[in-house]
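Subject: Structure for your files

Hello,

Here is the structure I said I would pass on. Please open it alongside this message.

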Amino acid sequence: MKKALSAAALLLVALAGCGDVDEGPSGTSGGGKGGGGTLTVFAAASLTETFTALGKEFERAHQGAKVRFNFGGSSTLAQQITQGAPADVFASANPATMKTVTDAGDAAGTPRIFTRNRLVIAVPADNPGKVAAVGDLARPGLKVVLCAVQVPCGAAAKTALGAAGVEVRPVSREKDVKAVLTKVGLGEADAGLVYRTDAKAAGGRVRAIEFPEAAKAVNDYPIVEVAEAPNAALAKEFIALVLGGRGRAALAGAGFEAP
């Protein structure tokens with residue numbers, strides 16, 4: 001059972017950062033597969049571009065349906081779900097965060113791993129800090145930003161830096177990977193650890209530097225229907241899209257790895 005909290009208040013909090021994807025054909029309902037209604041997907045920030053594209057495809061295939069996303073740090077999203085925020089689907093950037101939801105009894109069924117991601121060093125396009133390898137991140141005076149340790153990108157950074165034997169004193173820890181990427185892209189930091197997919201999505205705003213220790217901290221991404229989902233039928237079909245060939249192709253095109 002959902003926690004006895006005000007659903008209306010939680011909806012305002014959880015969906016404050018949501019974005020609706022473009023609506024499908026107007027004035028229709030029930031004509032497409034799964035019928036109409038609103039599907040609410042809570043997803044890790046690193047899935048923003050790929051899931052937004054898949055959401056538009058989903059709407060085209062489901063006349064009258066609308067997909068609403070809440071992108072953010074996985075730990076924050078998991079907390080919102082366990083506190084009763086209305087959601088249909090949860091896609092996390094690591095199994096540990098998903099476990100928060102499953103342990104609370106807020107998952108309908110067993111989560112499935114649908115993709116993987118790994119870290120890179122992101123630097124501004126002109127690389128003012130002259131960063132070439134992970135060891136450079138420990139250089140005095142270099143401004144490095146990392147994700148907060150409680151979110152998956154922060155946990156992965158801790159593991160990767162530990163494997164490299166590098167101690168970094170970040171100038172800030174951010175709420176999610178997109179916030180790290182923004183600071184690097186704006187030149188407010190000399191470097192940051194972000195997912196490979198986020199660096200690719202940033203285009204020419206940043207440069208990505210691969211480092212071997214990232215292989216020690218590859219993140220598996222699980223997805224699940226949320227228990228008592230307001231629109232369980234659409235939730236199942238969206239998960240099927242993500243797990244299917246079209247979803248795999250979209251993820252691969254964004255730089256994600258097969259599970």
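This is a predicted model: local features need pLDDT of at least 70, side-chain atom pairs count only at pLDDT 80 or more; totals for chains, interfaces and linings use all residues.

Helix H2 covers residues 48-61, which makes 14 residues. From first C-alpha to last, H2 reaches 20 Å, close to the 20 Å expected at 1.5 Å a residue. Its buried residues are Thr 50, Phe 51, Leu 54, Gly 55, Glu 57, Phe 58 and Glu 59.

Aromatic pairs come next; the structure holds nine of them. Phe 51 and Phe 69 form one that is tilted, with 6.3 Å centre to centre and 45° between the planes. Phe 51 lies in H2 and Phe 69 in strand E3 (residues 65-72), so this pair ties together parts that are 18 residues apart in sequence. Both Phe 51 and Phe 69 are buried.

Phe 51 also pairs with Phe 114, again tilted, at 5.9 Å centre to centre and 35° between the planes. Phe 114 sits in strand E5 (residues 107-117), 63 residues apart from Phe 51, and the pair links these distant parts of the chain. Phe 51 has a relative accessible area of 0%, and Phe 114 is buried at 5%.

Ring pairs link Phe 51, Phe 58, Phe 69, Phe 71, Phe 114, Tyr 195, Tyr 221, Phe 238 and Phe 256 into a cluster.

Regards

Terms used
Residues are numbered from 1 along each chain as its sequence is written. Side-chain values use heavy atoms; hydrogens and water are left out. Helices (H or I, at least four residues) and strands (E, at least two) are DSSP runs, numbered from the N terminus. The expected span of a helix is 1.5 Å times one less than its number of residues. Buried means under 20% relative accessible area, exposed over 50%, partly exposed in between (1.4 Å probe, protein chains only). Rings of Phe, Tyr and Trp (its six-membered ring) pair if their centres lie within 6.5 Å; planes under 30 degrees apart count as stacked, over 60 as edge-to-face and the rest as tilted.
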